[in-house]
Amino acid sequence: MYRIGELAKRYGLKADTLRFYDKQKLLSPSSRSEAGYRLYTQTDEEHLRFILRAKRIGFSLTDIADLLSIELQKANLTCGDVKDVVDAKLVDIEAKIAELNYFRESLRRLSDECCGGSESAEHCSILDDLESNTSGFVFDFPAQSSDNQQNKD
């Protein structure tokens, strides 16, 4: 059995992280000591490793909760159920990559158009392009779902 600080230290985490996971119902201690300390078993440690691996490859805590739910009921669910979670994350990541590529290309164009000289910024092409579209530089944003747009406002 590990106390919260011991388990956290084994994985380079803070005890608050484990408390947060407990609050989010991702990782609950198997028991508590007489003094009320959270006590974690080897199985709890395995669940923590699962959470940390999933986080490392980009899953959100909501995704991880879904995966843990499947893990706990895997006899009643299919590999397809797991694949659905992974495929949904893959779609999200591909959309983020497309958005980041758009940002990079837009910034590259702005940088390439600017002389970068020591003149006053009153006639800076970057500021001019951001203020209006008279230069022909188009700042159209990639199509976003209404959910993504709400999160960015």
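User: What share of the contacts in the protein with a separation of 6 or more comes from residues 24 or more positions apart?
Analyst: This is a predicted model, in which local features need pLDDT of at least 70 and side-chain atom pairs count only at pLDDT 80 or more, while totals for chains, interfaces and linings use all residues. Residues are numbered from 1 along each chain as its sequence is written, and side-chain values use heavy atoms, with hydrogens and water left out. With contact meaning heavy atoms within 4.5 Å, the share from residues 24 or more positions apart is 45%.

User: In what order do the elements of the protein run?
Analyst: Helices (H or I, at least four residues) and strands (E, at least two) are DSSP runs, numbered from the N terminus. The protein has seven helices and three strands. Starting at the N terminus, the order is β-α-α-β-β-α-α-α-α-α.

User: Which elements do the buried residues of helix 3 pack against?
Analyst: Buried means under 20% relative accessible area, exposed over 50%, and partly exposed in between (1.4 Å probe, protein chains only). In helix 3, the buried residues are Asp 44, Glu 45, Leu 48, Ile 51, Leu 52 and Ala 54. They pack against strand 1 (2-3), helix 1, helix 2, strand 3 (38-40) and helix 4.

User: Beyond its neighbours within four places in sequence, which residues is Leu 27 in contact with?
Analyst: Leu 27 is one of the residues that touch the most other members of the core. Leaving those sequence neighbours aside, its partners are Leu 18, Tyr 21, Asp 22, Tyr 40, Asp 44, His 47, Leu 48 and Ile 51.

User: How far does helix 5 reach from its first C-alpha to its last?
Analyst: Helix 5 covers residues 79-113, which is 35 residues. The expected span of a helix is 1.5 Å times one less than its number of residues. For helix 5 the expected value is 51 Å, and its reach is close to that, at 51 Å.

User: Is Leu 100 buried or exposed?
Analyst: Leu 100 lies in helix 5. Its relative accessibility is 54%, so Leu 100 counts as exposed.

Definitions and conventions:
Core = buried A, V, L, I, M, F, W, Y, C linked by side-chain atoms within 4.5 Å.
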